[in-house]
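Have the viewer open as you read.

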Amino acid sequence: MRSNTGGMASHRIKSEPVGGHDHLVSVTGGEADVEFTVRAMPSSLEALGFEAAREHDVVAATVDFLIRRQGAEDLPGFVDLDDACAAYEDLPVELARQLR
């Protein structure tokens with residue numbers, strides 16, 4: 001299990017692989033503690049220019065980005081990386097900025 005405080009000092013983000021390319025993410029320290037699943041398929045990572053070995057880093061950076069945009073309490077129970085990139089056009093640019 002890894003943790004990332006990300007860009008928001010008030011949130012603690014933990015994620016762990018739970019099978020396939022799904023990650024159980026726990027966010028604590030905000031208004032409410034939340035858990036949800038993030039899926040990052042190899043094809044999604046490749047489309048963003050990342051190797052599969054960076055999967056966890058991409059998931060953590062995506063969660064940090066989403067929390068800054070809409071808050072952890074408002075995230076759905078399941079987040080697909082492709083869907084997040086489609087909903088937020090600046091997400092791929094932010095991932096590249098943070099992770100390269």
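## Strand pairing

Two strands count as paired when DSSP finds at least two bridges between them. Keep in mind that this is a predicted model.

Start with strand 2 (residues 12–19) and strand 3 (residues 22–28): they pair antiparallel, with seven bridges. Across from proline 17 you'll find histidine 23 of strand 3. Two residues sit between the strands in this hairpin, where glycine 20 has a positive phi near 60 degrees.

## Around strand 4

Strand 3 also runs antiparallel to strand 4, and six bridges join them. Here valine 27 has valine 34 of strand 4 as its bridge partner. This hairpin has five residues between its strands, and glycine 29 takes a positive phi near 100 degrees.

## Two helices crossing

Helix 2 (residues 55–70) and helix 4 (residues 91–99) have axes that come within 10 Å and cross at roughly 125 degrees. That angle makes helix 2 oblique to helix 4, and the crossing is right-handed.

On the helix 2 side, the contact uses Asp57, Val58, Ala61, Thr62, Asp64, Phe65 and Arg68; helix 4 brings Leu91, Glu94, Leu95, Gln98 and Leu99. By class, that's six nonpolar, two polar and four charged residues.

Notes: Residues are numbered from 1 along each chain as its sequence is written. This is a predicted model: local features need pLDDT of at least 70, side-chain atom pairs count only at pLDDT 80 or more; totals for chains, interfaces and linings use all residues. Side-chain values use heavy atoms; hydrogens and water are left out. Axes are lines fitted to C-alpha atoms, for helices over the stretch in contact, and angles run from 0 to 180 degrees between N-to-C directions. Helices (H or I, at least four residues) and strands (E, at least two) are DSSP runs, numbered from the N terminus. Angles under 35 degrees count as roughly parallel, over 145 as roughly antiparallel, 65 to 115 as roughly perpendicular and the rest as oblique. A crossing is left-handed if the near helix is turned anticlockwise from the far one by less than a right angle, and right-handed if clockwise. Contact means heavy atoms within 4.5 Å. Ala, Val, Leu, Ile, Met, Phe, Trp, Tyr, Cys and Pro count as nonpolar, Asp, Glu, Lys and Arg as charged, and the others, Gly among them, as polar.
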